Amino acid sequence: MQIELLPLDDLEADDRLYIKGLKLSKTVKIDYETSKHVSFIIEGDESQHSVMYFAEKSGSKRWQCDCKWYTLQNKTCSHIIAANIAIKNSLVLV
Ligand SMILES: [Zn+2]
């Protein structure tokens, strides 16, 4: 699938989050993939999270995560950053 990554400015907006995402990017795995949807598993130190990519949505709504940070703040979290870095660096193939 053609995945539209978030702009680099978004990924690097918060240094602390970006560094966390960079570390987590090494743990990113693809859970499943359909024609409109990719589900990623990101393994953190204490918890595992699911990041979803929705091809049919637009802008930042394409990327969603099940973590508390994303749910409460509705902002790009370290897991979404990790998935974007993993794709960019070809750590996972979609
Ligand atoms: Zn998250």
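The model is predicted: local features need pLDDT of at least 70, side-chain atom pairs count only at pLDDT 80 or more, and totals for chains, interfaces and linings use all residues. Residues are numbered from 1 along each chain as its sequence is written, and side-chain values use heavy atoms, with hydrogens and water left out. Helices (H or I, at least four residues) and strands (E, at least two) are DSSP runs, numbered from the N terminus.

**Helices α2 and α4**

- Helix α2 (residues 15–24) packs against helix α4 (residues 78–88) at about 55 degrees, and their axes are 7 Å apart.
- That makes α2 oblique to α4 (angles under 35 degrees count as roughly parallel, over 145 as roughly antiparallel, 65 to 115 as roughly perpendicular and the rest as oblique).
- In the contact (heavy atoms within 4.5 Å), α2 supplies Leu17, Tyr18, Lys20, Gly21, Leu22 and Leu24, while α4 supplies Ser78, His79, Ile81, Ala82 and Ile85.

- Strand β1 (residues 29–33) runs antiparallel to β2, joined by four bridges; two strands pair if DSSP finds at least two bridges between them.
- Isoleucine 30 has phenylalanine 40 in β2 as its bridge partner.
- Three residues lie between β1 and β2, which form a hairpin.
- Seven bridges pair β2 with strand β3 (residues 48–54) in the antiparallel sense, and a hairpin of four residues joins β2 to β3.
- The bridge partner of isoleucine 42 in β3 is histidine 49.
- Strand β2 (residues 37–43) is largely enclosed by the rest of the structure, because six of its seven residues are buried (under 20% relative accessible area, with a 1.4 Å probe and protein chains only).

How values were computed: Axes are lines fitted to C-alpha atoms, for helices over the stretch in contact, and angles run from 0 to 180 degrees between N-to-C directions. Buried means under 20% relative accessible area, exposed over 50%, partly exposed in between (1.4 Å probe, protein chains only).
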